[in-house]
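Hello,

Here is the structure I promised to pass on to you.

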Amino acid sequence: MPEEAPPSRAGSCPPGRRVLMLLTASGGGRAGGGRRPQPPLAQPSASPYREALELLPIFQARGQLLAQLRNLDSAVLIGETGSGKTTQIPQYLYEAGIGRQGIIGVTQPRRVAAISLATRVSDEKRTELGKLVGYTVRFEDVTSEDTRIKFLTDGMLLREAISDSLLRKYNCIILDEAHERTIHTDVLFGVVKAAQKRRKELGKLPLKVVVMSATMDVDLFSQYFNGAPVLYLEGRQHPIQIFYTKQPQHDYLHAALVSVFQIHQEAPSSQDILVFLTGQEEIEAMSKTCRDIAKHLPDGCPAMLVLPLYASLPYAQQLRVFQAAPKGYRKVIISTNIAETSITITGIKYVVDTGMVKAKKYNPDSGLEVLAVQRVSKTQAWQRTGRAGREDSGVCYRLYTEEEFEKFDKMTVPEIQRCNLAGVMLQLLAMKVPDVLTFDFMSKPSPDHIQAAIAQLDLLGALEHKDDQLTLTPIGRKMAAFPLEPKFAKTILLSPKFHCTEEILTIVSLLSVDSVLYNPPARREEVQNVRKKFISSEGDHITLLNIYRTFRNTGGNKDWCKENFVNSKNMMLVAEVRAQLREICLKMSMPIMSSRGDVESVRRCLAHSLFMNTAELQPDGSYATTDSHQPVAIHPSSVLFHCKPACVVYTELLYTNKCYMRDLCVVDAEWLYEAAPEHFRRKLRTARS
DNA sequence: GAGCACTGC
């Protein structure tokens, strides 16, 4: 059990040097501010916004803040949880006349946040949503000509920048939650900075940029925006007591279990516990163990309601974490890092942090992405701790020593340095950025990393090299129009040649959302029986196509999904994505045909677009990729797991314990050779004989 | 022989 350390403030470190303004919190009330709104279903109904507003610390600083912001081109605003910055700053700017000649755009990393913030601010302004205040997220544009304050996802603003890289509509851009360093926000830093500079040079309407962040690690932001001043806002985080372990824990799962039951036996049952683990399997196992132990506790001990939480859990089960536990029950939520930022649960008194996370790492030497369990960063640990102090004071048990904590990385490596950059490079090229190789990223990915992305785009036929200048080919420009990974966009663009655009649209849509297949481990046999009727010996793509077809032909309802172990939320999303992609094809005047029952042309099309992702069966029964001879295996989730086809293309490689191919399609080696003769000269084992 | 953190267009 961890020992006590001096109580410490959660959230961020104390204010830094270049702070211009220090605001002190006053008054109670906690309805205001909520920086991370919950999904709409979990939101309390209409709350007394107006009363709460006047209690927000930010309210007293309005005049000061405006005086500063009015005169600045760029500013960095640090505000702790509950400071009210996201809901208030856009309104202050608007009231000061900043939204008069253009829109105030506020970016968010997540859709639900953009939607609920817009809803809330339009309520505060007592206007109809979509008029003065609106939002734009994928599939939904609730704005009008009157809209002056617009909340949007960072990915959406990036997409807008493709058609107008100067962002002329906007007179102010607020990049919120900048500390999360999503890949989209990181690209936007560069795009917005360039637009600001260019607009100044052209003598156009100036673009004001406000970077808002919850952590104090602001030097980077400030330096990047030419030494922009840092404004600090105090929030209303409750004190959190932190405990570290005396000894390093070699078994963090066991340590977590012990901590949960110790808290359970000591604390009143109304106080809930949130435990951070790394993945689905671990969480399900721990949930079962907790339930088993809870059955045999001494009399007088409260009952325990154990709730797993991870992204692939069906929506209905995710919602259970928001419901109050029955009287006498304690909620114990066992979660991945989804509860760090994406889902906010009220009533958490105790946080148990194992200090571990499963995350993607990028190896620039091999150019490969690896998914691995690793230590969290200090900022992540603080974020987890902060989940205990949202309504009242809280307690956080850190299952590592204070010395260990001091050795954690200061920050999480920004996403832009951890994943494939092909999509980002395609977008930058589509914006006609003068030199993508030297683009002004706040945290530069390595040159190898950028080169790998360029090479991939080159293979897809997206690039033109003219006198040292990289530009897009007509195909490349079309690829950039699709909200998809470049290889999927290419697959769609190739499909007319094989008369199977309808089928490819379905397959690409299924591949570009989370899996529609729901596999509860306890009902494995049942799942296998039901799934039999869809399975194609030609691979996962064709199997997915069969599932979608049956779904549509049977009227596609929730009952069908339930009976067939299909995640209905994801399936609905597939239909939406498909409609969007089809619309883009129509705008390009692409002929849209169906191959009817002919699946061979579908497989040929996949062979032609995924030829760089090929693996062949080796004499010893294993697989190796065709170009780099990397040993690979068929992922257990594949319908081909027990089969040994000679030659396959796959959608992606996933490194966990082994290097797995996911989503496979059986192809003829000959087709691959046809697709890219240059690429395959001397490479294919079979095609050459 | 055996497995998948989280977003977003």
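Let me start with one residue. Leaving out residues up to four places away in sequence, arginine 181 touches Asp186, Phe189, Leu220, Phe221, Met411, Pro414, Glu415, Met442 and Ser443, where contact means heavy atoms within 4.5 Å. Arginine 181 sits in the loop between strand 7 (170-175) and helix 7 (183-201); helices (H or I, at least four residues) and strands (E, at least two) are DSSP runs, numbered from the N terminus. Its side chain makes a polar contact of 2.8 Å with the side chain of serine 443. A polar contact is a pair of N or O atoms within 3.5 Å; within protein, one must be able to donate a hydrogen and the other to accept it, and residues adjacent in sequence count only if both atoms are side-chain atoms. Arginine 181 counts as buried because its relative accessibility is 3%; buried means under 20% relative accessible area, exposed over 50%, and partly exposed in between (1.4 Å probe, protein chains only).

Before going on, a word on the basis of all this. This is a predicted model, in which local features need pLDDT of at least 70 and side-chain atom pairs count only at pLDDT 80 or more, while totals for chains, interfaces and linings use all residues. Residues are numbered from 1 along each chain as its sequence is written, chains are lettered from A and ligands numbered from 1 in the order in which they are written, and side-chain values use heavy atoms, with hydrogens and water left out.

Now the whole chain. Chain A has 26 helices and 24 strands, and 54% of its 689 residues are buried. Of the contacts in chain A with a separation of 6 or more, 74% are between residues 24 or more positions apart.

Helix 19 (residues 501-511) is worth a look: 11 of its 11 residues are buried, so this helix is largely enclosed by the rest of the structure. Its buried residues pack against helix 18 (486-494), helix 21, helix 23 (568-587), helix 24 (599-609), strand 23 (647-655) and strand 24 (659-666). Helix 21 (residues 540-553) holds threonine 543, which counts as buried because its relative accessibility is 5%. Apart from neighbours within four places in sequence, threonine 543 is in contact with Phe534, Ile535, Ser536 and Val639.

What surrounds DNA strand B? There are 34 residues around DNA strand B, and the closest are Ala311, Lys358, His635, Ser637 and Thr656; a residue is near a strand if one of its heavy atoms lies within 4 Å of it. Sugar and phosphate make up 61% of the atoms of DNA strand B that come within 4 Å of the protein. A phosphate oxygen of DNA strand B is 2.6 Å from a polar backbone atom of alanine 311, and a phosphate oxygen is 3.0 Å from an N or O atom in the side chain of threonine 153. On the base side, a base nitrogen of DNA strand B lies 3.0 Å from a backbone N or O atom of proline 483. Helix 6 gives the most to the surface near DNA strand B, with three residues.

I hope this helps you find your way around.

Best wishes
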